[in-house]
Amino acid sequence: MSRLSHGEREFVSGFGALPQEAPQPTTAPVPPPGVAGVREIDARALSAPLPLLEAHRALRGMRPGEELRVTTAYHGSLAEFQALAKYDVSLELVSQDVAGEDFVHLLRKRR
């Protein structure tokens, strides 16, 4: 007597697998090792803490060595990005600049 009910099939590894084809790129090409890319987020229209959350989300998907430049429009973002870099050891706060009324934060993914 079979342990399967009438009409059920036993799972077989590889059964119904799709043919192997070269994967199609879905994002921008990955820079070669040693050449770090810089991504940018313009968060001037966002209120606190959304620029910080957007930056953190983007950094989670980045490779080590890549950099993220975030532009914000409120003074409190200086302390927020300093705290993010302090408590998240996979990030490095490279620089913070004031450009007119905007605040520019440059972060690097460590690992």
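User: What makes a residue exposed, and why is E40 placed in that class?

Analyst: Exposed means over 50% relative accessible area, buried means under 20%, and partly exposed lies in between. In this predicted model, E40 has a relative accessible area of 60% and is therefore exposed.

User: Why is the contact between R69 and E40 called a salt bridge?

Analyst: The term requires a side-chain nitrogen of Lys or Arg within 4 Å of a carboxyl oxygen of Asp or Glu. For R69 and E40 the N to O distance is 3.1 Å, so the pair qualifies. It links distant parts of the chain, with R69 in strand β2 and E40 in strand β1, 29 residues apart. R69 has 30% relative accessibility and therefore counts as partly exposed.

User: Which accessibility classes do E66 and R39 belong to, and why?

Analyst: E66 has a relative accessible area of 9%, under the 20% cut-off, so E66 is buried. R39, at 40%, lies between 20% and 50% and therefore counts as partly exposed.

User: What makes R108 and E92 a salt bridge, and where do they lie?

Analyst: Their closest N and O atoms are 3.2 Å apart, within the 4 Å limit, so the pair counts. R108 belongs to strand β4 and E92 to strand β3, so parts 16 residues apart in sequence are tied together. R108 has a relative accessible area of 26% and E92 one of 28%; both values fall between 20% and 50%, so both residues are partly exposed.

User: How many salt bridges does the structure hold?

Analyst: The structure holds seven salt bridges.

User: Why are β1 and β3 described as standing at the edges of the sheet?

Analyst: Four strands form an open sheet in the order β1-β2-β4-β3, with mixed pairing. β1 (38-42) and β3 (91-99) each have a single partner strand, so one side of each is left without a neighbour in the sheet.

User: How do you know that β2 and β4 are paired?

Analyst: Pairing requires at least two bridges, and β2 (residues 67-72) and β4 (residues 102-109) have six in the antiparallel sense, so they are paired. In β4, F103 is the bridge partner of T72.

Terms used:
Residues are numbered from 1 along each chain as its sequence is written. This is a predicted model: local features need pLDDT of at least 70, side-chain atom pairs count only at pLDDT 80 or more; totals for chains, interfaces and linings use all residues. Side-chain values use heavy atoms; hydrogens and water are left out. Buried means under 20% relative accessible area, exposed over 50%, partly exposed in between (1.4 Å probe, protein chains only).
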